[in-house]
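Here is a short report on one protein chain.

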Amino acid sequence: MRLALALTTGLFAVGVSLAPSASAVPATAAADGLVSCPLGVQNTSYTPGLTFTAPPPHVDVDSTGTLGPCVSLDLRHTAGTYHFAGSGNLNCLGGSSAGSGQIAWSDPGTRPSRFTFTSTLAVRPDGTTVLVSTGPVTAGDYAGHTITNTVVITSTDLLACTTPSGLTSTAGPFLINIV
């Protein structure tokens with residue numbers, strides 16, 4: 001987790017130092033489709049809760065969060081909120097899901113970026129649970145580009161996975177890249 005945060009923070013620092021000044025941003029910067037939001041915070045709910053049941057049961061997923069600061073060649077895409085919802089076969093050890101979502105950028109001169117995604121949930125060897133989602137931006141700013149969302153689930157209570165109701169919510173840092 002510390003390594004991931006250090007890498008993320010390092011990417012942010014590099015992105016800021018390489019960002020052009022506002023006067024150097026071309027009018028087509030949004031069309032270039034490059035934005036990275038490495039310091040997001042998310043909250044996710046699972047219905048029914050995640051358990052150790054095998055094979056993984058069908059679960060509905062709903063996630064909201066905040067983005068920012070973001071690094072972008074277009075300085076209008078520096079922060080925002082997001083929501084995504086989907087479903088799939090998931091348990092506390094892994095699985096996959098699919099769904100759709102939206103990023104509402106903070107700048108009123110932008111359009112929400114709508115996307116679809118497929119996700120894989122896995123436990124890494126160090127015990128960190130990570131969800132990686134990827135898919136196309138289907139409408140709004142960055143339409144036609146690809147979004148990748150990486151969520152590090154830091155609040156996983158593995159004891160909740162052993163209860164009848166399961167793990168019903170998680171929170172943690174995440175990063176979004178649109179290329």
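## Disulfides

A disulfide is taken here as a pair of cysteine sulfur atoms within 2.5 Å. The model is a predicted one. A search of the whole structure turns up two such links.

The link between C37 and C70 has an S to S distance of 2.1 Å. This link is right-handed, with 105 degrees about the S-S bond. C37 sits in strand β1 (residues 35–50), and C70 sits in the loop between β2 (58–67) and β3 (71–72), so the bond ties together parts that are 33 residues apart in sequence. Are these two cysteines buried or exposed? C37 has 0% relative accessibility, so it counts as buried. C70 is buried too, at 8% relative accessible area.

The other link is between C92 and C161, with sulfur atoms 1.9 Å apart. The link of C92 and C161 is left-handed, at -90 degrees about the S-S bond. C92 belongs to the loop between β4 (80–91) and β5 (94–105), while C161 belongs to the loop between β8 (146–153) and β9 (167–178), so this pair ties together parts 69 residues apart in sequence. Both C92 and C161 are buried.

How do the bonded cysteines pair up in sequence order? Numbered along the protein chain, they pair 1-2, 3-4.

## Fold

The protein chain has two helices and nine strands. From the N terminus, the order of elements is α-α-β-β-β-β-β-β-β-β-β. Of the 179 residues in the chain, 40% are buried.

## Interior space

Rolling a probe the size of a water molecule over the atoms shows where empty space is left. How many cavities of 30 Å³ or more are there? The count is three.

The largest cavity holds about 70 Å³ of space. Its lining includes the aromatic residues Y82, F84, F115 and F117. S133, T134, G135, I147, T148, N149 and I176 also line the largest cavity. Which strands supply at least two residues each to this lining? They are β4, β6 (113–123), β7 (129–139) and β8.

## Surface patch

L34, L73 and V179 make a nonpolar surface patch of about 240 Å². L73 lies in the loop between β3 and β4. Its relative accessible area is 31%, so L73 is partly exposed. The cut-offs for that class are 20% and 50%.

## Backbone points to check

The bond from T47 to P48 is cis, with omega near -10 degrees. P48 is in strand β1, the strand that also holds C37. A cis peptide bond also joins A54 and P55, with omega about -10 degrees. P55 is in the loop between β1 and β2.

Y142 is a residue other than glycine with a positive phi, near 75 degrees. Where is Y142 placed? Y142 is in the loop between β7 and β8. At 4% relative accessibility, Y142 is buried, as the cut-off for that class is under 20%.

Conventions:
Residues are numbered from 1 along each chain as its sequence is written. This is a predicted model: local features need pLDDT of at least 70, side-chain atom pairs count only at pLDDT 80 or more; totals for chains, interfaces and linings use all residues. Side-chain values use heavy atoms; hydrogens and water are left out. Helices (H or I, at least four residues) and strands (E, at least two) are DSSP runs, numbered from the N terminus. Buried means under 20% relative accessible area, exposed over 50%, partly exposed in between (1.4 Å probe, protein chains only). Patches are made of residues with over 30% relative accessible area and no salt bridge: like charges are joined within 9 Å, nonpolar side chains (Val, Leu, Ile, Met, Phe, Trp, Tyr) within 5 Å. Accessible areas come from the Shrake-Rupley method with a 1.4 Å probe; for residues, only the protein chains shown count as cover. A salt bridge is a side-chain nitrogen of Lys or Arg within 4 Å of a carboxyl oxygen of Asp or Glu. On a 1 Å grid over the protein atoms alone, a cavity is a set of points where a 1.4 Å probe fits but cannot get out, and a pocket is an open set with protein on both sides within 12 Å along at least five of seven lines; lining residues have an atom within 4 Å of a point. Grid points are joined across faces, edges and corners, and a volume is the space filled by probe spheres set on the points.
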